[in-house]
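This briefing covers a single protein chain.

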Amino acid sequence: MRQDVLDGLVTFVIVAEEKSFSAAAVRLGVSPSAVSQSISKLEGRMRLALFNRTTRSVSLTEAGLRYLERVVPAVHDLTAAAQELGESVDRPAGLLRINVARAGYMIALQPILRDFLDAYPEIELEVRIEGSLVDIVGQGFDAGIRFGDLVQRDMVAVKIGPAISAHIIAAPSYLGRYGMPKHPHNLLNHNCIGFRHSSSGQVERWEFEKDGEKIELAVNGRLILNDSAALTQAALDGIGIAYMINGYIDRFLDDGRLVRILSDWSPALAGLTLYYADRRRVPAKLRALIDFLRHRRQVEPPQTAGALT
């Protein structure tokens, strides 16, 4: 199809409706000469006269009438499509696709999902939970959620969720058998549950900080996992000590099924970030989620959830 095949169609339809070049010019907001030139070019491409012109009137030729009957539905469809898209720019609606690590889902998204969907009934939300970093633009996601130190520098980044800190936890049954560690180095003599990052393939090293002293340990243990929910359950089952972040474990701490260890050695960690490609205009559906998460971050106290992913 030639690139100029649609040029002049709207002008043609409006001239046919108004039966006047000057009236069509007023409606289009252009000069009568611009209307005349547009119609002349269209007739030149068609190799047909579409209008009968006199000094007093304009009417369709037989060919013009047949052409009008064919193009009017198409022009109306194109106009409606443009109008619908224009309206959707400022209205939060449509499919919103988010790629998120499990911890990000549990800490930031899961607590607000119901309220967000209730507040924006025209938004459909698709969430893909995966540990590894992906090209969100190449895979068609509107945004991603990861810890701030993992977000690429060419992305727009927005801090979301509560402040994050390390939690060393174990079940009372484990501590009853093996005792309570008093210092981070004591952990080297305990069965510590490892966590392997999907993105790097590395087993996580445990970090501690107190009074300016920083310690990083490669702990030992008989179990390594790559899923935060499984890590939580392993700790609950008394298999060993786990390195967690504040998230959904709070309920287990509250009811005594888990005990926090070395809390005075727990450092602050990189918080969660929602990130998206640098575009001149953020879609209304994504802006709605960003504003919702920002508001919740300001008004709600920190909640707690799973392991680092």
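The model is predicted: local features need pLDDT of at least 70, side-chain atom pairs count only at pLDDT 80 or more, and totals for chains, interfaces and linings use all residues. Residues are numbered from 1 along each chain as its sequence is written, and side-chain values use heavy atoms, with hydrogens and water left out.

**Overall**

- The secondary structure comes to 10 helices and 15 strands, where helices (H or I, at least four residues) and strands (E, at least two) are DSSP runs numbered from the N terminus.
- Of the 309 residues of the protein, 43% count as buried.
- Among contacts (heavy atoms within 4.5 Å) between residues at least 6 apart in sequence, 74% join residues at least 24 apart.

**H2 and its surroundings**

- The axes of H2 (residues 21–28) and H3 (residues 32–46) come within 8 Å and cross at roughly 105°. Axes are lines fitted to C-alpha atoms, for helices over the stretch in contact, and angles run from 0 to 180 degrees between N-to-C directions.
- H2 and H3 are therefore roughly perpendicular to each other; angles of 65 to 115 degrees count as roughly perpendicular, under 35 as roughly parallel, over 145 as roughly antiparallel and the rest as oblique.
- On the H2 side, Phe-21, Ser-22, Ala-24, Ala-25 and Leu-28 meet Pro-32, Val-35, Ser-36 and Ile-39 of H3.
- By class, this contact of H2 with H3 has 7 nonpolar, 2 polar and no charged residues. Ala, Val, Leu, Ile, Met, Phe, Trp, Tyr, Cys and Pro count as nonpolar, Asp, Glu, Lys and Arg as charged, and the others, Gly among them, as polar.

**Nonpolar cores**

- The largest nonpolar core has 29 residues, and Leu-274 and Leu-289 have the most contacts inside it. Such a core is a set of buried Ala, Val, Leu, Ile, Met, Phe, Trp, Tyr and Cys residues joined through side-chain atoms within 4.5 Å.
- Elements that give two or more residues to this core include strand S3 (94–100), helix H5 (102–109), strand S15 (272–277) and helix H10 (284–299).
- H10 gives the most to this core, with 6 residues.
- Not counting residues up to four places away in sequence, Leu-274 touches a set of residues including Ile-145, Val-156, Val-158, Leu-286, Leu-289 and Leu-293.
- A second, separate core of 19 residues includes Val-13, Leu-50, Val-58 and Leu-68.
- H5 is mostly covered, with 6 of its 8 residues buried: Ala-103, Gly-104, Tyr-105, Ile-107, Ala-108 and Leu-109.

**Selected buried residues**

- Thr-273 lies in strand S15 and is buried, with a relative accessible area of 7%. Beyond residues up to four places away in sequence, its contacts include Gly-144, Arg-146, Val-151 and Ala-157.
- Thr-232, in helix H8 (residues 228–236), counts as buried at 3% relative accessibility. Leaving aside neighbours within four places in sequence, Thr-232 is in contact with Met-244, Tyr-248, Ile-249 and Phe-252.
- Leu-225, in strand S11 (residues 224–225), counts as buried at 18% relative accessibility.
- Not counting residues up to four places away in sequence, Leu-225 touches Ile-193, Gly-194, Phe-195, Arg-196, Ala-230, Leu-231 and Ala-234.
- The C-alpha atoms of Leu-225 and His-197, 28 residues apart along the chain, are separated by 8.9 Å.

**Positive phi angles**

- Most residues other than glycine have a negative phi.
- Lys-19 is not a glycine but has a positive phi of about 55°. Lys-19 lies in the loop between H1 and H2 and counts as exposed at 56% relative accessibility.
- Asp-211, also not a glycine, has a positive phi of about 50°. Asp-211 lies in the loop between strand S9 (206–210) and strand S10 (213–217) and counts as exposed at 77% relative accessibility.
- Just after H2, Gly-29 takes a positive phi of about 75°.

How values were computed: Buried means under 20% relative accessible area, exposed over 50%, partly exposed in between (1.4 Å probe, protein chains only).
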